[in-house]
Amino acid sequence: MAKRYWQEEIECASREQITQWQNERLVKTVKHVYDNVELYRKRMDEAGVKPEDIKSIDDLKKLPFTYKQDLRDEYPYGLFATPLKDVVRLHASSGTTGKQIVVGYTRNDLDIWDDIAARQLYAVGADENDFVHVSYGYGLFTGGFGLHGGATKIGATAIPVSSGNTDRQVTILQDFGSSVLCCTPSYAMYIAETLEKKGIDPKTLNLKAGIFGAEPWTEEMRRQIEEKLNIKAYDVYGLTEIMGPCVSYECEAQSGMHVNEDHFIIEIINPETGEPLPYGEKGEIVFTCITKECCPFIRYRTRDIGVVTNEKCSCGRTFVKMTKPQGRSDDMLIIRGVNVFPSQIETVLLKMGYSPNYKIFVDRVNNTDTLLVQVEMTEAIFSDTVTKIKEHEKALEAELRSLLGIGADVQLVAPNSIERSMGKAVRVVDKRKLIDVK
Ligand code: DLL
C-alpha cells in the first residue's frame, strides 16, 4: 500500500514538535478544567496543585487521576467544562455495571473527532472513492457516528447501516459495493459466517479492509476474519469517555495502534500504585485529553491493560503505538488465585481450529472456583462419535491447562448454538459476581 496520511504534517511530526504541542495544550487544558469544573478544582486544591504548577508534560504526574466513578457521581453534566449551549452532541455508555456515563461534544470537539476518524480511514487505504459500511451501532454508542464522521470527512460514501439485521447487511455489502467494513470483530465473524451459509464467495464483494474494535480480539481472530472476508483487518481503539473510536488507530504495519498524541497524552501506570511506567512495560492505560473543550478528562484511568512502544514504525507515522489492550483490569478473572484473561482462552480455541463462538462460565462450588469453557464444535467434529468428541474436549482441556496454568472444563456444543453478537460480544458469565451482588 502506498504511504498515505490524512494529515501528514501532524501524523509524521518530529518528537520535538509533538512534545511542544502537548506541553502547550496540557497547560491550557488544565487551566480550562480548573476554572470551569468544580471537581477538578477541588481535587487539585486537595493535592496542592495549581494550574501554574503545570508547565509541561513532565508535570503531568502531579495531577490527580479521574475515574469512571467520577462520571457517575457527576451524572449527567457535572464534568462538562463548557456551557451547555455550546454542546452540540451527547454520547453515553452504560457499561456492564452501574449508572450510565454521559459525555458532551462541542462543534470543535466533533471536528477533531472527524479528523482522527479520517486518519484511521486513510491509514487503512480508504479515500473519496470508497464506500464505508458502518455496522457499529448508531445512537448513544460512539462507534457508528465516530466512523461515519471520518468517512464523510474524507469524502468517501458513508453507508450508515448500523448494527443488526445481518441478512440486510449482506445484501448491502453485495449491492452497494461496500469497500470498508466497520464493526466489532465478533460481528465481522458473524457476517462472514452468514456469507458462508448463503454460499456467497467474499471474493465477489468489493470489500478490501475492515476497521474492527470496541472489544478485545486476538491475532488469531484477525487471521480468521482476513481469510473469511478476504480483506485486511485493522484494529481501532477508543472509549466513550475520551472520544469513542479512533483514539488510537492501526496502520498498514498492523502491529499496534498509533495514539493521536496531538489530542491525547497516553501514560502507562502501575494499576496498584498509580506510578507511571516506562515504555515497553505492561500496565493500565491512562489518557489526558489536551484539545477537547467539553469533556477534557485529565489522567483518566481506562482500566485497560496494555503496553506503549515508541519504536519507529515502517508507515512513517511518529505517534507512539499501543498494543491491543490485553483485556481490562476489571475483566481479568482471578480463578483459584490465577489471573486469566478471556483473550488467552480465545487464542487457544482459535489455534486449535475452533470458531470464536464461545462462552466462559466461572462459578464457585464448595469454596473452589470452577472454570467451564463452552465452544461450538466444527461441523467435522459434530459428525464424530461421542467418544471422539470427548477426546476433542480432553485435548482442548490439556491445551488450556498448559497455557493458563490451571484446569478448565471444556464442553463442546453444537454448531450455531451459541448466540451471536451484533455489537460487543458478552463472553464471560461470572456466577461468583452474580452471587456477590445479591
Ligand atoms: O467501544 C468505542 C469504540 C467504538 C472503539 C468502535 C472502537 C470502535 P466504549 O463502549 O466506551 O467505547 O468501550 C470502551 O472497549 O475501554 C476497551 O476496554 C474496549 N475496547 C475498545 N476498543 C478496543 C480494542 C467504545 N480495539 C472499552 N481492543 C475500552 C480491545 C477495546 N478492547
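**View A. Salt bridge between aspartate 369 and arginine 364.** The side chains of aspartate 369 and arginine 364 form a salt bridge with an N to O distance of 2.8 Å; the term denotes a side-chain nitrogen of Lys or Arg within 4 Å of a carboxyl oxygen of Asp or Glu. The model is predicted: local features need pLDDT of at least 70 and side-chain atom pairs pLDDT 80 or more, while totals for chains, interfaces and linings use all residues. Residues are numbered from 1 along each chain as its sequence is written, and side-chain values use heavy atoms, leaving out hydrogens and water. Aspartate 369 is buried at 8% relative accessible area, whereas arginine 364 is partly exposed at 42%. Buried stands for under 20% relative accessible area, exposed for over 50%, and partly exposed for values in between (1.4 Å probe, protein chains only). A network of salt bridges links Arg364, Asp369, Asp430 and Arg432.

**View B. Salt bridge between lysine 68 and glutamate 241.** The two side chains meet at 3.4 Å, N to O. The pair links distant parts of the chain, 173 residues apart: lysine 68 belongs to helix 4 (residues 68–73) and glutamate 241 to the loop between strand 7 and strand 8. Helices (H or I, at least four residues) and strands (E, at least two) are DSSP runs numbered from the N terminus. Lysine 68 is partly exposed, at 23% relative accessible area; glutamate 241 is buried, at 3%.

View C. Glutamate 397 and lysine 394 pair through their side chains at 3.4 Å, N to O. They are about one helical turn apart because three residues separate their positions in helix 12 (residues 386–404). Glutamate 397 is buried at 17% relative accessibility, and lysine 394 is exposed at 54%. The structure holds 32 salt bridges.

**View D. Surroundings of the ligand.** The shell around the ligand has 21 residues, with Asp235, Val236, Thr240, Asp304 and Lys424 the closest; a residue belongs to it if one of its heavy atoms lies within 4 Å. Strand 7 supplies five residues, the largest share. A polar side-chain atom of aspartate 304 lies 2.6 Å from a ligand oxygen atom. On its own the ligand has 620 Å² of accessible area (Shrake-Rupley method, 1.4 Å probe), of which the protein covers 94%.

Note on methods
Polar contact = N/O pair within 3.5 Å; in protein donor to acceptor, adjacent residues only side chain to side chain.
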